[in-house]
Amino acid sequence: MEWWREAVFYEIYVRSFQDSNGDGVGDLAGLTRRLDYLNDGTPRSLGVDALWLTPINPSPLFDFGYDVSDYTAVDPLFGTLADLDRLITEAHARDIRIILDLVPNHTSHLHPWFGESRRARTDPKRDWYVWRDPAADGGPPNNWVSSFGGPAWTRDEATGQYYLHSFLAEQPDLNHRNPAVQQAMERVIEFWLDRGVDGFRVDVIHKMIKDAALRSNPRPAPEEEHPVKHYGGLLHLHDEDQPEVHDIIRSWRRLLDRYGERAMVGEVYLFDPARVARYYGNGHDELPLAFNFSFLWSPWDAAAFRSQVEQIEALLPPGAQPTYVLSSHDAPRHRSRFDDPAHGEARARLAAMMLLTLRGTPFLYYGEEIGMRDGFIPAERVCDPVGKRFPAVGRDPERTPMQWDGGRMAGFTTAADAWLPLAEEHQRINVAAQQDDPRSLFGFYRRLIWHRKRTAALTRGDYRSVDAGPDNTFVYLREHGAERRLVALNFASEPRPLRLAPGRGRVELSTSFERPPGEVDLASLALAPSEGVLLAL
Ligand code: GLC
């Protein structure tokens, strides 16, 4: 069994996890110091198995690292290659794997490749990026728009041509139809694998290849228009998700497989799960894992979660492993999304139970284990380029510094201030306040994660929905050989009796502190408001 199928991943927004040199920005040495918190081999620690580090490459930070100016180096802000080596060694000593963020779709406009490419139409690197003449009216070559707003094309005075950028003008798109670019990116992958990293999270992998003729996108029917899916008022038919991207992914998979068991999780930011499923290929020849973001967009509703799970279970090819995510650096934190004055904490425990007991690889986001909510960012402190253009959807609130303790800077930094303001509630919500409290959210995550490790039905078992619940409950079975676990989740804020077939079960874990572990009669099992239980059958 490949390790990434059983692992619990933990996303670290490196800038915000732990500062070690007092500059107010998180770094690799700081992260290394916190490894024991993440997994010291005992159930005192959180117990995660793999860390995904957001980009650590040199970057002028127009998009906070997602604009890379050197793919095979570490930004001095985060440390050195030696710091990374030390992190990898220390992590491996604790059985923690490290995956890096790979950003192949675009570089920084300050990457030397782009510097050469923009020099002249005849430059040997010209075709490493996507350059086109203006349209007849002098405007952009087609109607494509940037995911961050405005046209996806910028005219470069030096040569009078436009270059393509799916995101900021400071993030020109590489031309992955050019074999030289493909080779260069494979060398980057090899560079890090040779250094001992355990794999990659691949940024917007579905965008790497665009329509060969760069045709304009059609418009959706007005009644279908969706602000996010159809950003810019367009159907994204030609600017992403092209068939040839799968050739590149197959070639990357062959490369990965040459190194033994390395992971790759692709950010396939598509709304149609059937299209996401295609990035697994036949289940063994493309991505080992693809992000499934459906929970990020889900209402707090049992039927909605159940249908998302059943959909992905039905769509994946045999052997393919689903993934689940509740929060990330690109979306409001789920502790805020699903908040409720009376049930907020209980909901956080329920969501965690779902995330960690479904069939699939779970990805946690730093701080969710202590219930971090979105921070408040005053207008003058906004950093995120999206937040500067569209304040309502800025991504700074979910990127505030990790809340280690109730001190002035929460144990994150010794500097007078951090790069983003701390969430004010850090005085109450922090690791130190929860670490020794079994009733804390951290205590619950920790118990759940260590329990999962010991329970093959949860890490390897099949998944089956169970029709046992009244309204707003979600019940499922996980089975591995003779080992059977039943998970029953109540999304309602009222109690819910279940309708399970008669039999005996043993409560292993409940999100409610009131329910004692031990034997129960299944036929008379009722869930408390917002309660989830995990039962051995
Ligand atoms: C991905 C990243 C996001 C970044 C964008 C452009 O969606 O997760 O943070 O801004 O790609 O690289």
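## Aromatic pairs

The structure holds 36 aromatic pairs. The model behind this count is predicted. A pair of aromatic rings is described by two values, the distance of the centres and the angle of the planes.

Take Tyr37 and Phe442. Their ring centres are 5.3 Å apart and their planes meet at 15 degrees, so the pair is stacked. The cut-off for stacking is an angle under 30 degrees. Tyr37 sits in helix α3 (residues 35–38) and Phe442 in helix α14, so this pair ties together parts that lie 405 residues apart in sequence. Both Tyr37 and Phe442 are buried.

Phe114 and Tyr129 pair in another geometry. Their arrangement is edge-to-face, with 4.9 Å from centre to centre and 70 degrees between the planes. Phe114 belongs to helix α5 (residues 112–117), and Tyr129 to the loop between α5 and β4 (131–132), so the parts tied together here are 15 residues apart in sequence. Phe114 and Tyr129 are both buried.

## An aromatic cluster

Aromatic residues also gather in a group. Trp3, Phe9, Trp52, Tyr269, Phe271, Phe291, Phe293, Trp297 and Phe363 form one aromatic cluster.

## The ligand and its shell

Which residues come nearest to the ligand? They are Asp63, Asp203, Glu267, Asp330 and Arg395, out of 14 residues around the ligand. By class, the shell has 7 charged, 4 nonpolar and 3 polar residues.

For His106, a side-chain N or O atom is 2.9 Å from an oxygen atom of the ligand. For Arg201, the distance from a side-chain N or O atom to a ligand oxygen is 2.9 Å. For Arg395, a polar side-chain atom lies 2.9 Å from an oxygen atom of the ligand. How much of the ligand does the protein bury? Taken alone, the ligand exposes 310 Å², and the protein buries 96% of that.

## His451 in helix α14

His451 is placed in helix α14, which spans residues 441–454. Phe442, the partner of Tyr37, is also in helix α14. Is His451 buried or exposed? Its relative accessible area is 12%, so His451 is buried. The cut-off for buried is under 20%.

The side chain of His451 makes a polar contact of 2.7 Å with the side chain of Glu508. Beyond its neighbours within four places in sequence, His451 is in contact with Leu458, Glu508, Leu509 and Leu534.

## The loop between β7 and α7

Two residues in this loop have a positive phi. Most residues other than glycine have a negative phi. Leu214 lies in the loop between β7 (199–202) and α7 (245–258). Its phi is near 50 degrees, a positive value in a residue other than glycine. Leu214 is buried, at a relative accessible area of 10%. Asp241 is found in the loop between β7 and α7. Its phi is near 55 degrees, again positive in a residue other than glycine. Asp241 is buried, with a relative accessible area of 14%.

His236 is also in the loop between β7 and α7. Its relative accessible area is 8%, so His236 counts as buried. Which side chain joins His236 in a polar contact of 2.9 Å? The partner is the side chain of Asp239. The His236 side chain also reaches the backbone oxygen of Leu234, at 3.5 Å. Not counting residues up to four places away in sequence, His236 touches Val145, Asn217, Lys229, His230, Tyr231 and Arg275.

Leaving aside neighbours within four places in sequence, Ile248 is in contact with His176, Gln182, Met208 and Ile209.

How far is the C-alpha atom of Ile248 from that of Phe390? The two C-alpha atoms are separated by 34 Å, and the residues are 142 apart along the chain.

Terms used:
Residues numbered from 1 in each chain as written. Predicted model: local features only at pLDDT ≥ 70, side-chain atom pairs only at ≥ 80, totals over all residues. Heavy atoms only, no water. Near = heavy atom within 4 Å. Polar contact = N/O pair within 3.5 Å; in protein donor to acceptor, adjacent residues only side chain to side chain. Areas by Shrake-Rupley, 256 points an atom, 1.4 Å probe, with all protein chains shown as cover. Nonpolar A, V, L, I, M, F, W, Y, C, P; charged D, E, K, R; others polar. Helix = DSSP H or I, 4+ residues; strand = E, 2+ residues; numbered from the N terminus. Buried < 20%, exposed > 50% of the residue type's maximum accessible area, 1.4 Å probe, protein only. Contact = heavy atoms within 4.5 Å. Phe/Tyr/Trp six-rings, centres within 6.5 Å; stacked < 30°, edge-to-face > 60°.
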